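Work through the exercises below with the sequence and the model open. Each task is followed by a solution in steps.

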Amino acid sequence: MKTMSDAHRHLASYDKPIEGRREHVKTWTASGPRRRALGLAKRMFDIVFALAALIFVAPLFGVIMLAILLHDGRPIFYRQLRLGRHGRSFNCLKFRTMVRDADVRLAELLSICPKSQKEWLDAQKLSNDPRVNMLGRFLRKSSLDELPQLINILRGEMSIVGPRPIVHEEAVRYGRNLRLYLTTRPGLTGLWQVSGRNSLSYQERVQLDVRYIRTMSAGLDARIILKTIAIVVTGKGDH
């Protein structure tokens, strides 16, 4: 039997409504006809879009896999446990952009560099990450490292557009908004990716996730997808 995760324990500790407003909990957790229809349409779009995208980028997918294999060997993919809809964990897929002992190097760096430790605690990211290899920098800059998440979408673990996929340790930083966060699938792209991405503070990212979930619509998803394409094409996806 699986033990309760930190995220589930954190969620269980909150019995009060989100932001002190019970109507938001009712609106976004109730299974009304409008909510179900939106969810069904969103899921159908995810499947069609992900399938079409995978077929279209299949040659590029193969080239990237070969490049990683030749540059740094296996593994080709990086799997990280993320927190999904209804609190279910899933392995979020990416092309590997870091050295093979990345987790060990991160622990060593944080133990000897207070500046890096503070940056990691504040943002869960490093602006100049020494673990990223040369090929990985290109894949991250172009956002091509996230292409394998199309597989997560087909599996029903993610959506094309949604809040950020977070690791379990980040759940506590969502506070009472965690309950709202867990009502929807995390996205390949979202408001935070088209609103500054790595230049945003962690709290700003949380607020953008909350804003997206509360105002979610087909029109908003379409605008985010178009903005994401523009960012990827212009090469501004990493900053």
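## Exercise 1: a helix pair

Helix α3 (residues 33-72) and helix α6 (residues 134-141) have axes that come within 10 Å and cross at roughly 155 degrees. The model is a predicted one, in which local features need pLDDT of at least 70, side-chain atom pairs count only at pLDDT 80 or more, and totals for chains, interfaces and linings use all residues. Residues are numbered from 1 along each chain as its sequence is written, and side-chain values use heavy atoms, with hydrogens and water left out.

Task: state the relative direction of α3 and α6, and list the residues in their contact.

Solution. 

Step 1. Helices (H or I, at least four residues) and strands (E, at least two) are DSSP runs, numbered from the N terminus. Axes are lines fitted to C-alpha atoms, for helices over the stretch in contact, and angles run from 0 to 180 degrees between N-to-C directions.

Step 2. Classify the angle. Angles under 35 degrees count as roughly parallel, over 145 as roughly antiparallel, 65 to 115 as roughly perpendicular and the rest as oblique. The crossing angle therefore makes α3 roughly antiparallel to α6.

Step 3. List the contact (heavy atoms within 4.5 Å). Helix α3 contributes I64, A67, I68 and H71, while α6 contributes M134, L135 and L139.

Step 4. Sort these residues. Ala, Val, Leu, Ile, Met, Phe, Trp, Tyr, Cys and Pro count as nonpolar, Asp, Glu, Lys and Arg as charged, and the others, Gly among them, as polar. The α3 and α6 contact has six nonpolar residues, one polar and no charged.

## Exercise 2: one residue of the contact

Task: is L139 buried or exposed, and which residues does L139 touch beyond four places in sequence?

Solution. 

Step 1. Apply the cut-offs: buried means under 20% relative accessible area, exposed over 50%, partly exposed in between (1.4 Å probe, protein chains only). L139 counts as buried because its relative accessibility is 2%.

Step 2. List the neighbours. Leaving aside residues up to four places away in sequence, L139 touches I64, I68, F95, R96, T97, L144 and D145.

## Exercise 3: a record and a partly exposed residue

Task: which residues does UniProt list as "transmembrane region", and what is the helix content of that span?

Solution. 

Step 1. Read the record. The unreviewed UniProt entry lists residues 44-70 under that name. UniProt positions are given in the numbering used here, feature names are shortened, and annotations may be inferred rather than shown by experiment.

Step 2. Compare with the model. Residues 44-70 are 100% helix and 0% strand, and their end C-alpha atoms lie 37 Å apart.

Step 3. Look at F45, which lies in helix α3. F45 counts as partly exposed because its relative accessibility is 39%. Not counting residues up to four places away in sequence, F45 touches I160 and I225. The C-alpha atoms of F45 and I160, 115 residues apart along the chain, are separated by 8.5 Å.

## Exercise 4: aromatic rings

Task: what is the geometry of the pair Y174 and Y181?

Solution. 

Step 1. Rings of Phe, Tyr and Trp (its six-membered ring) pair if their centres lie within 6.5 Å; planes under 30 degrees apart count as stacked, over 60 as edge-to-face and the rest as tilted. The structure holds six aromatic pairs.

Step 2. Y174 and Y181 are 5.0 Å apart centre to centre, with 55 degrees between the planes, a tilted pair. Both Y174 and Y181 are buried.

Step 3. F61, F77 and F95 form one aromatic cluster.

## Exercise 5: backbone details

Solution. 

Step 1. The cis bond joins R74 and P75, with omega about 0 degrees. P75 is in the loop between α3 and β1 (77-83).

Step 2. H86, in the loop between β1 and β2 (89-95), has a positive phi near 60 degrees and is not a glycine. H86 is partly exposed, with a relative accessible area of 46%.

Step 3. S143, in the loop between α6 and α7 (149-154), also is not a glycine and has a positive phi of about 65 degrees. S143 counts as buried at 13% relative accessibility.
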